[in-house]
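Subject: Structure handover

Hello,

Here is the structure you will be taking over. Please open it first, then read the notes below.

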Amino acid sequence: MSEPQTCEVLIAGAGPAGLLLARRLAQAGVSVVVVDPLQDLRQAAFSSAALPLSAVTAFQLPAHVQAARWRGWQLHGPDDTPRHWMADHDLGAVLDFGALRQWLAEQAVAAGARLQLGWAVRGWHTASGGAIASLRGAGGQEQAVECRWLVDATGQRRALLGEPPAAAGALVAGAGVEWLIQVPQAQWQPWAQRLSFMLGSQWVPQGYGWVFPMQPGQLKIGVCRLHDARREQPPLHQLLRQLQHRLDLATAPVLDRHGGLIRSTIRRREPHQRGPLLGLGDAVSTGNLLGGEGIRHAMASSDVLAPLLLEALGGKLEALRGYAPMLRRRLGWRWSLSGRLARRTWLGLHNSAADQRLARLLEGLQQKSSAEELSALLFHYRFERYGLKALPYVLGWR
Ligand SMILES: Cc1cc2nc3c(=O)[nH]c(=O)nc-3n(C[C@H](O)[C@H](O)[C@H](O)COP(=O)(O)OP(=O)(O)OC[C@H]3O[C@@H](n4cnc5c(N)ncnc54)[C@H](O)[C@@H]3O)c2cc1C
C-alpha cells in the first residue's frame, strides 16, 4: 500500500445523510472525502422515498428528484375496502431515490467535497490526531486514508460502529421488497396523487403493502414487515406477488427490483461517537419503523452534526458531546413513541383480532380525520389528537 491520503473528514457512505454532511462541511472549507461501494448513485435505488412536503421544502429538494407529488391517502383495510382522504393541495412527494443521491453528490462535489465511488471502508484504527481508515476498491485494490474525523454513514449496516450495545435496547428490524412497474396510463391514474397502503394480516402479516406513484406510467409496489424471530414468516416475494394479483397489477412489466432493511433501536440510546468515529443517519437509528421511512431523519442528523463537527475541527472538541442529545431533541419525543407504536402495531398484526382492531381504527380515522390530519399522524406522529388517555385504546394496548 502507498502512503495514506489525508483529509479532515472521511465519510463512509454516500446516502442522503453522508452526502448532505459532506456538502455542509465542504461549504465551510473543510476537506471532505465520501466513499461508497456503489459505482453509480443512480443505481440500487432501494428506497420508496415518500416524504411530506415539509421535508421537500426544508431540504430544498429540486423538482427533478421528485418523481411525483401526492395529496392524499388511500388505505385498503382488512376488509379490502379502499378508504380515501384527499386534500386540495400537495402534501408530499415520492422521490426518485437514485436521482436524490446523484443531486446531493453533485451539490457536495460543487462545494469542494471529493467523491470516491466503487470503494468501501473496510476498517479503521485510531492514530495520533484522528483515524486511519482502510479502503478497498471494486477490483480488490487497497488504500489508506488518514483523517481527523471518520463518519459512519453506512445506513442500517453500521459498517464501522457495529451493532449497538445491549444496553441501548434491541434493534427492531423491518425488511422491505419493492418493484418499479410499468403500467398503461389508465391503470396508473387511480394510484396517482396519493400514497396507498394495504393493511391487515391477509395482505401482509406483521407489516403492510403499498403502491406509490412515480412519473406517469410507473408505480412502486412493495411490501414490508417487521422481523419476528418467534414466528415463521412467509417470504416477502411471495407476499408481493399476492399483492400484485389482488390489485390487478400482476401483468405489469417490472423495470427494477430492489429492497433492503430498516433497523433502529426504539430509544436511540446507543453511543453516537467512539473516539474519532461518529455515527450519522440510519447508522445511529434515525430510520423510523412506523412508516418505514428515514430520509428526512437521516438528513436531519447531518444538519445537527455539521455545526458541531465544525466546532470540533476548530479545536472545541467538547462540542460533540451535544450531538446525541441534540439529535434526540430534533427528532422529538414523538419519534420514540412512534417506534414503540410501530413495534406493537406491526408485530401484533397477525390474527383476526388485530384485523378487527385495525378496521375500527380506520373507520374512526375516516370519520374524524382529514388528509392533512392523517399526514400529521403518520409523518409527524401527532397521536395526541386522539387524546393521550385514549391512545393505548386506539393502539390496542388495552
Ligand atoms: C424498502 C425500503 C423502503 C423505504 N422507503 C422509504 C420511504 O418511503 N421514505 C423514506 O423517507 N425512507 C424510506 N426508507 C428508508 C430510507 O431509505 C433510509 O432511512 C435512508 O436511506 C437512510 O439514509 P442514510 O444516508 O442514513 O443511509 P443509506 O441511504 O442506507 O446509505 C448508506 C450508504 O452507505 C454505503 N455503504 C455501505 N457499507 C459501506 C462501507 N463499508 N463503506 C462505505 N460505504 C458503505 C451504502 O452503499 C449506501 O449508499 C426505505 C427503506 C427501505 C429499505
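**A buried loop residue**

R158 counts as buried, because its relative accessibility is 2%. (Buried means under 20% relative accessible area, exposed means over 50%, and partly exposed lies in between, with a 1.4 Å probe and protein chains only.) R158 is found in the loop between β11 (142–152) and β12 (171–182). Helices (H or I, at least four residues) and strands (E, at least two) are DSSP runs, numbered from the N terminus. The phi of R158 is near 50°, a positive value in a residue other than glycine. Most residues other than glycine have a negative phi.

**How to read the model**

This is a predicted model, with residues numbered from 1 along each chain as its sequence is written. Local features need pLDDT of at least 70, side-chain atom pairs count only at pLDDT 80 or more, totals for chains, interfaces and linings use all residues, and side-chain values use heavy atoms, with hydrogens and water left out.

Look for Q193 in the loop between α4 (185–188) and β13 (194–199). Q193 is partly exposed, with a relative accessible area of 40%.

**Around E270**

R158 comes up again here. Leaving aside neighbours within four places in sequence, E270 is in contact with R158, P164, P165, A168, T265, V284 and S285. Contact means heavy atoms within 4.5 Å. E270 sits in the loop between β16 and β17 (273–274). Is E270 buried or exposed? E270 is buried, with a relative accessible area of 5%. The side chains of E270 and S285 are joined by a polar contact of 2.5 Å. (A polar contact is a pair of N or O atoms within 3.5 Å; within protein, one must be able to donate a hydrogen and the other to accept it, and residues adjacent in sequence count only if both atoms are side-chain atoms.)

**Around H258**

H258 lies in strand β16 (residues 254–265). H258 is buried, with a relative accessible area of 13%. Not counting residues up to four places away in sequence, H258 touches A45, F46, V177 and E178. Two of these contacts have a polar side. The side chain of H258 reaches the backbone oxygen of A45 at 3.4 Å. A polar contact of 2.6 Å joins the side chains of H258 and E178.

**Salt bridges**

How many salt bridges does a search of the whole structure find? The search finds 14. A salt bridge is a side-chain nitrogen of Lys or Arg within 4 Å of a carboxyl oxygen of Asp or Glu. Side chains of opposite charge can pair when their charged atoms come close.

One of the salt bridges joins R83 and E363, with the closest N and O atoms 2.9 Å apart. This pair links distant parts of the chain: R83 is in strand β6 (residues 82–86), E363 is in helix α9 (residues 352–368), and they are 280 residues apart. R83 counts as buried, at 8% relative accessibility. E363 is partly exposed, with a relative accessible area of 33%.

D40 forms a salt bridge with R42, and the closest N and O atoms are 3.2 Å apart.

D303 forms a salt bridge with R330, with the closest N and O atoms 3.2 Å apart. This pair also links distant parts of the chain: D303 is in helix α6 (residues 295–313), R330 is in helix α7 (residues 323–331), and they are 27 residues apart. R330 is partly exposed, with a relative accessible area of 44%. Salt bridges that share partners join R24, D303 and R330 into one network.

**Helix packing**

The axes of α6 and α7 come within 10 Å and cross at roughly 140°. That makes α6 oblique to α7. The contact is made by H297, A300, S301, D303, V304, L305 and L308 of α6 and Y323, M326, L327, R330 and L331 of α7.

Helix α1 (residues 16–27) and helix α3 (residues 97–110) pack at about 20°, with their axes 8 Å apart. α1 and α3 are therefore roughly parallel to each other. Residues of α1 in the contact include P16, L19 and A22, and those of α3 include F97, L100 and W103.

Axes are lines fitted to C-alpha atoms, for helices over the stretch in contact, and angles run from 0 to 180 degrees between N-to-C directions. Angles under 35 degrees count as roughly parallel, over 145 as roughly antiparallel, 65 to 115 as roughly perpendicular and the rest as oblique.

Best wishes
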